[in-house]
Amino acid sequence: GRSSSAAADLGALLTAAGFVDVGVETGAVPHRTDSFAEYWSLTSDLAGPLAALLAVRGEERTAPMQDRVRATLAPYTQDDELDIPGRVRMVSGRRP
């Protein structure tokens, strides 16, 4: 699949750059918050471009955006808590 080919591409990239003992691993990195409000606050604080956009738009124009994000995350919401699945790819290698 696409994921395994992307991992192979990353490994090949490090090998082509001269690294040896190249390894590529994929792991689960869930993003959990106690509420949508906590998720929104963390995301908007950590994502610089998003924070700037939200500051310019104001609360009235931001509310519809929040509603769309909340609807998109509904499958990952239970009792107002969010448990969003995520994946991380770790690539390692060493110089010879």
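Tutor: Leu-13 sits in helix H1, residues 2–16 (helices are DSSP runs of H or I with at least four residues, strands are E runs of at least two, and both are numbered from the N terminus). With a relative accessibility of 55%, Leu-13 counts as exposed (buried is under 20% relative accessible area, exposed is over 50%, partly exposed is in between, using a 1.4 Å probe and protein chains only). Together with Leu-10 and Val-91, Leu-13 makes a nonpolar surface patch of about 230 Å². Patches take residues with over 30% relative accessible area and no salt bridge, joining like charges within 9 Å and nonpolar side chains (Val, Leu, Ile, Met, Phe, Trp, Tyr) within 5 Å; the areas come from the Shrake-Rupley method with a 1.4 Å probe, and for residues only the protein chains shown count as cover.

A word on what you're looking at: this is a predicted model, where local features need pLDDT of at least 70 and side-chain atom pairs count only at pLDDT 80 or more, while totals for chains, interfaces and linings use all residues. Residues are numbered from 1 along each chain as its sequence is written, and side-chain values use heavy atoms, with hydrogens and water left out.

From Ala-8 to Val-20 is 12 residues in sequence and 14 Å in space, C-alpha to C-alpha.

Now for strand S1, residues 20–28, which holds Asp-21. The phi of Asp-21 is near 50°, a positive value in a residue that isn't glycine. That's worth a look because most residues other than glycine have a negative phi. Asp-21 is exposed, at 55% relative accessible area, and its side chain meets that of Arg-94 in a salt bridge, 2.7 Å from N to O (a side-chain nitrogen of Lys or Arg within 4 Å of a carboxyl oxygen of Asp or Glu). Arg-94 lies in strand S5 (residues 87–94) and Asp-21 in S1, so the pair ties together parts 73 residues apart in sequence. Arg-94 itself is partly exposed at 45%.

A search of the whole structure finds 2 salt bridges. The side chains of Arg-32 and Asp-83 also meet in one, at 3.1 Å, N to O. Here Arg-32 is in strand S2 (residues 31–33) and Asp-83 in strand S4, so this pair links parts 51 residues apart in sequence. Arg-32 is exposed at 57%, whereas Asp-83 is partly exposed at 37%.

Asp-79, in the loop between strand S3 (77–78) and strand S4 (81–84), also has a positive phi, about 55°, without being a glycine. At 72% relative accessibility, Asp-79 is exposed.

Last stop, helix H3. Leu-54, Thr-62 and Met-65 of H3 are buried, and their cover includes helix H2, 36–46. Thr-62 counts as buried because its relative accessibility is 7%. Leaving aside neighbours within four places in sequence, Thr-62 is in contact with Trp-40, Leu-54 and Arg-57 (contact means heavy atoms within 4.5 Å).
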